[in-house]
Amino acid sequence: MFYAARVTQLLHGAGRCSRLPVVLGADVRVLGPPRLLIDDERRPLSGRPLLLVARLALAGNAPVSPARLGEDLWPAGDGSDGAVRVSLTRVRKALGEDMVVRRGGGYVLERVSCDAVRFEQAVRFGRDRSHSIERRIGSLDAALSEWSGAAFEDVEAGAWFQAESQRLEELREQAVDERFELLLLVGQHERAVAELRGALSRSPTRERRAELLTIALYRSGRQEDALAVVAQVRDDLRERLGLDPGPSLRDIEQQVLLHSPDLAVSPMVLRAGRAVEVEAKLRAATALLRAGVHDETRKILDDADVIVAELGDRRMQGKVLLSRARLLMLSGEGDPSPLIDAARQLGRELHDGELLALAALVRFGAGVPIDKSEGLVEFLEPLSLLPADAPEAVELLCCAAVTVLFTDGSSAASQLLAEAEKVYQRDRSDRSRALVLVSRSLVASVNYAPAELVAAAAVEAYELARATGDASLIVVAAQAVLRSSYEQGDLEAVEAVLDVLEVASQVALLPFGTVRVALCRSTNAFVRGQLDEVPALMATALDLGTRMRTIATIAAVRSQQFILAREADLIEPLVEQARTLRDGQAAPSVWDAVVALGDDAVAAQLATLAPQVPADDSLAVFVALAAEIAADREDAALGAWCASQLELLGDRTLMSGLGTVVMGLGGHYAGLARIAMGDLDRAAEHLAAAADRAAQVGARLWWAYSSVELADVQRRTGAPGQAEGVLVEIDASGLPALSARLARRVA
């Protein structure tokens, strides 16, 4: 948040500190009795308005809706919109109008600090083994100094505040124990004894703390006192909980009795060493997965599981689960979703934003989620648990934007992209910039922004990604380049990216990239008129996608099979299949257009249905099919609607998804729309331009169709022009022999 840079600067300084200093401004305190300070002076804000400030401060950069504020601040159910507005008014008077911002359907605090946020940042630094122990101790000292009582002390609020209080209190207890472990690690056992006694008296059944006090006393030459601690904890556990001490505390008791030399080594050192061993195994597993060596990967992960079970490290358990999910995803040996779900559940229980983010991104490696709502929850949930400037934040927001973009085309994609750009302004890394540029290019493409803007953002992202050498970033950036290249009909630019994408996908362990390469090669063969090669290429894509369980592969291949079946004039099976899919949807969709290919009654209704089709990424396919139907039926109303959608696109390509389904040049379908309207002169202009453009980019099938339609228009207007020569050239090209539909049009 606002003070992240100052906290980081402090934590990178030397030695211990008594408190994290706060830059003058608005500061929310919740680690004790809640209060609001402005320029280090307390403001008379209390009750619901103060809790509202606390709720927004702890949400960080994630907007909180009025409905959520009502539920969390008025647990009895009387938090009406009016009550929320009244509290917001009081908050704005206390903080200033510009510090409570409406964003993304909710509210966000800007330029406001919070002691709980500083506390969590300092704890994260204290846990980072890349820093010296002295600096880690200083960081944990600073974190704990933020507390002045119990979290949300004396607050009677609902479930959210209770859960947040419990989470913060548990994190505080963990920080206390971790600080003591560090003190023992640097030999300060005598100093730790007095402090540990007080800490254990406040939590007498906390066995980990009892272990540390036992070790500290033993190292201070006080064996009898060390054993007395174990005996007291045993009594407290039995009296309060009816339990016996766990195996770890019993083991330390035996070591004290036997004067074990192991007590000279901190348990933290032993745990840290084992944790490092697990991390090494996970790195080895990743390297083996990249090489496609699955049996050895499985053995290494089995070993890692054993160590994690011994450690009881649930966070590391989540990382092992996600490595296993990648193994299943790449080997095709099973469904990775249950493992990802289990890791995600651990992240929720641990309130671990990094683990939740990793789970979401591993699942995204299989492609854009089909269920938009669940996908958005998965991408956005970690944000409130991550620092506002965490690098994962940009990635999650961009993933959420793409999910919305390719499922319903709503304006939420642009709003999420705007949030990602704000995070980038704090981060300023090449990776964040590349991710934002990728999303910016895709959003612009779906919204039909000028092609040069789409391409500029895509190319810059791709160049940044390749300069970083980050394989996963290259895979993501390649998607924007592919979309932009297909939009311009530039098949050579697509081919230039595919080899790089294939290698990067394997290195990054992102199966959707591998499948995407196969789908693009099938698409390109189709556009070039190499129809005899398409079935085998589609089979390869389907095999890869099914084995790797990549999301939406079957739908993507089905769409390509649909295009190929149309070329073979096999319409009836497609119509029946589309009829089933259409019946499962409330709003008109592309399936209505497919049904209309073989159903005159539905075709007659298309002009009425067309304006109701959602403006998502499949709209272009609907428009293309509708233009063909309009031309065949001479449906002027439908043609006029199609023309309004198409003429601004010029010679762009109509596509759906990230370029996996490519219908043809917009100019061709604009010509068909004009034919339906009876405007044959304009139709000829569109078709001639489309044929020329298709010839330039090597799209032989597109060229053939535009040329056939142009020849037909020329005959109808009494201006045959080059019609006869074009038909001879098409026939000589061999395309009609591969396309029954084209052969029929030529005849």
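Biologist: Which residue in β6 does A26 stand opposite?
Modeller: This is a predicted model, so local features need pLDDT of at least 70 and side-chain atom pairs count only at pLDDT 80 or more, while totals for chains, interfaces and linings use all residues. Residues are numbered from 1 along each chain as its sequence is written, and side-chain values use heavy atoms, leaving out hydrogens and water. Strand β1 (residues 26–29) pairs with β6 in the parallel sense over three bridges; pairing takes at least two DSSP bridges between two strands. In β6, A26 stands opposite V112.

Biologist: Which strands stand at the edges of that sheet?
Modeller: The sheet is open, with four strands in the order β3-β2-β1-β6 and mixed pairing. Strands here are DSSP runs of E, at least two residues, and helices are H or I runs of at least four, both numbered from the N terminus. Each edge strand has a single partner, so one side of it is left without a neighbour in the sheet. They are β3 (41–42) and β6 (112–114).

Biologist: Now β7: which residue in β8 does M655 stand opposite?
Modeller: From β7 (residues 653–656), T653 and M655 point one way, L654 and S656 the other, and all are buried. Buried means under 20% relative accessible area, with exposed over 50% and partly exposed in between (1.4 Å probe, protein chains only). β7 and β8 (661–665) pair in the antiparallel sense over four bridges.

Biologist: What does L646 contact beyond its neighbours within four places in sequence?
Modeller: Contact means heavy atoms within 4.5 Å. With those neighbours left aside, the list is V623, A627, L654, G666, Y669 and A670.

Biologist: What span does α21 reach from its first C-alpha to its last?
Modeller: Helix α21 (residues 451–468) has 18 residues. The expected span is 1.5 Å times one less than the number of residues. That expectation is 26 Å, and α21 comes close to it, reaching 26 Å.
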